[in-house]
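This briefing is meant to be read alongside the sequence and the 3D view. Please keep both open while going through the points.

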Amino acid sequence: MPKQRQFLPGQPDYQNITNALLARFKRNRERISVQARLVLENDGEDWVTGHALRLDTKDGAIFIEFQDARHRFTEAWLTLDDVMWDGKK
């Protein structure tokens with residue numbers, strides 16, 4: 001059963017992305033179009049279109065910018081497994 005949450009009147013029904021990594025500051029990369037796998041706490045898995053902006057070369061995390069009204073923010077750090085782009089092996 002999904003957990004019940006209470007929201008203030010007039011506030012959007014935002015969801016957390018459960019597969020997002022902790023924030024970090026790493027080198028910029030060329031902006032490329034990607035498909036990102038988001039796992040939302042209520043809606044589950046969904047793939048969204050976005051752009052990769054930064055790469056953490058230590059563990060391979062990618063900083064993704066996207067538009068999705070279900071999430072309060074427009075970016076997240078994701079693992080390589082959660083991001084697809086043209087030419088990815």
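The points below go from the overall fold to salt bridges, the nonpolar core and one histidine.

The model is predicted. The protein chain has 0 helices and 5 strands, and from the N terminus on its elements run β-β-β-β-β.

**Overall chain**

- The protein chain has 89 residues, and buried residues make up 31% of them.
- Its accessible surface comes to about 6,400 Å². Carbon and sulfur atoms account for 51% of that surface.
- Among contacts between residues at least 6 apart in sequence, 44% join residues at least 24 apart.

**Salt bridges**

- How many salt bridges are there? The count comes to 6, and the pairs described here are among them.
- Glu-65 and Arg-31 form a salt bridge through their side chains, with an N to O distance of 3.0 Å. This pair links distant parts of the chain, since Glu-65 is in strand S3 and Arg-31 is in strand S1 (residues 28–40), 34 residues apart.
- Glu-65 counts as partly exposed because its relative accessibility is 24%, and the cut-offs for that class are 20% and 50%. Arg-31 also counts as partly exposed, at 46% relative accessibility.
- Arg-37 pairs with Glu-45 in a salt bridge whose closest N and O atoms are 3.0 Å apart. Arg-37 has a relative accessibility of 22% and so counts as partly exposed.
- Asp-46 and Arg-70 meet in a salt bridge through their side chains, at 2.6 Å from N to O.
- Asp-46 is partly exposed, with a relative accessible area of 27%. Arg-70 counts as partly exposed at 22% relative accessibility.
- Which residues join Asp-46 and Arg-70 in one network? Salt bridges that share partners bring in Asp-43 and Asp-68, so that Asp-43, Asp-46, Asp-68 and Arg-70 form one network.

**Nonpolar core**

- The largest nonpolar core has 14 residues. The members that touch the most other members are Ile-17, Leu-38, Ile-62, Ile-64, Phe-66, Leu-78 and Val-83.
- Strands S1, S2, S3 and S4 are the elements that each give two or more residues to this core. The largest share, 4 residues, comes from S1.
- Ile-17 is in contact with Leu-38, Val-39, Leu-40, Phe-66, His-71 and Ala-76, leaving aside neighbours within four places in sequence. Leu-38 and Phe-66 are also among the core members that touch the most others.

**His-71**

- Where is His-71 placed? His-71 is in the loop between strand S3 (62–66) and strand S4 (75–78).
- Is His-71 buried or exposed? His-71 counts as buried because its relative accessibility is 12%, and the cut-off for buried is under 20%.
- Beyond its neighbours within four places in sequence, His-71 is in contact with Tyr-14, Gln-15, Asn-16, Ile-17 and Phe-66.

Note on methods:
Residues numbered from 1 in each chain as written. Predicted model: local features only at pLDDT ≥ 70, side-chain atom pairs only at ≥ 80, totals over all residues. Heavy atoms only, no water. Buried < 20%, exposed > 50% of the residue type's maximum accessible area, 1.4 Å probe, protein only. Contact = heavy atoms within 4.5 Å. Areas by Shrake-Rupley, 256 points an atom, 1.4 Å probe, with all protein chains shown as cover. Salt bridge = Lys/Arg side-chain N within 4 Å of Asp/Glu carboxyl O. Core = buried A, V, L, I, M, F, W, Y, C linked by side-chain atoms within 4.5 Å.
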